[in-house]
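Please look at the sequence and the structure on the screen. I will go from the whole chain down to one residue.

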Amino acid sequence: MNDRCRASVTSDGMGFHEYQCSRKAVKDGYCKQHHPDAVAARAEKSRAVWEERRKKEPWYVLSEVKKKLSDSLFEIERLNGIIKTIATDRDRFERAAVDWMTVYNRAKAGVERLTQGLKILAGEPDEQGHTHLAELHDVAACQAFAKRILAADKGGEK
Ligand SMILES: [Zn+2]
């Protein structure tokens with residue numbers, strides 16, 4: 001009959017003496033109790049109850065503690081790795097900064113020396129109106145002249 005639940009049930013719970021459910025079909029050919037959604041909902045509820053009970057078992061609690069400990073150790077290892085990387089990078093950055101300052105200072109000094117040399121070669125007169133072409137052959141005089149130029153650039157004495 002079409003209006004009866006189409007689920008098979010057993011009277012003894014062992015799978016023997018199967019017979020069709022005698023209840024009235026209310027949805028999709030099943031009674032309220034045997035509809036797949038209801039069966040699935042009961043199975044889920046039963047699974048959740050079993051899961052809750054399992055979580056209280058000592059072996060489960062212990063395994064969870066072990067897992068958390070393992071995760072913590074892994075996290076500590078990970079953080080250690082990051083700290084080591086940061087430390088290494090900081091050292092690298094500091095070395096790079098020192099290298100860069102050395103290069104910059106050398107370049108700056110080089111530009112200054114070149115500027116003085118170019119001024120002398122160009123025969124430009126200094127503040128007193130003297131030219132220093134003759135000093136090109138005198139290293140000490142050339143250096144003294146360069147120092148005076150530098151001092152003048154800084155707004156110092158002539
Ligand atoms: Zn039924």
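Take the contacts between residues at least 6 apart in sequence: in this protein, 22% of them join residues at least 24 apart. Keep in mind that this is a predicted model.

Next, burial. The protein has 158 residues, and buried ones make up 5% of them.

Now the elements. There are three helices and two strands. Along the sequence they come in the pattern β-β-α-α-α.

How confident is the predictor, by mean pLDDT, in the protein? The mean is 75, with 68% of the residues at 70 or more. Among the elements, helix α1, residues 36-55, has the highest mean pLDDT, at 93. Helix α3, residues 139-153, has the lowest, at 62. Where pLDDT is low, the predicted coordinates should not be read in detail.

Where is R23 found? R23 sits in the loop between β2, which covers 18-20, and α1.

Is R23 buried, partly exposed or exposed? R23 has 15 C-beta neighbours inside 10 Å, so R23 counts as partly exposed. For the reasoning, buried would take 20 or more, and exposed would take 12 or fewer.

Which residues does R23 touch, leaving aside those up to four places away in sequence? They are C5, C31 and Q33. As for H34, that residue is eleven residues from R23 along the chain, and the C-alpha atoms of the two are separated by 9.4 Å.

That is the end of my part.

Key: Residues are numbered from 1 along each chain as its sequence is written. This is a predicted model: local features need pLDDT of at least 70, side-chain atom pairs count only at pLDDT 80 or more; totals for chains, interfaces and linings use all residues. pLDDT is the predictor's confidence in each residue, from 0 to 100. Helices (H or I, at least four residues) and strands (E, at least two) are DSSP runs, numbered from the N terminus. Two residues are in contact if their C-beta atoms, placed from the backbone, lie within 7 Å.
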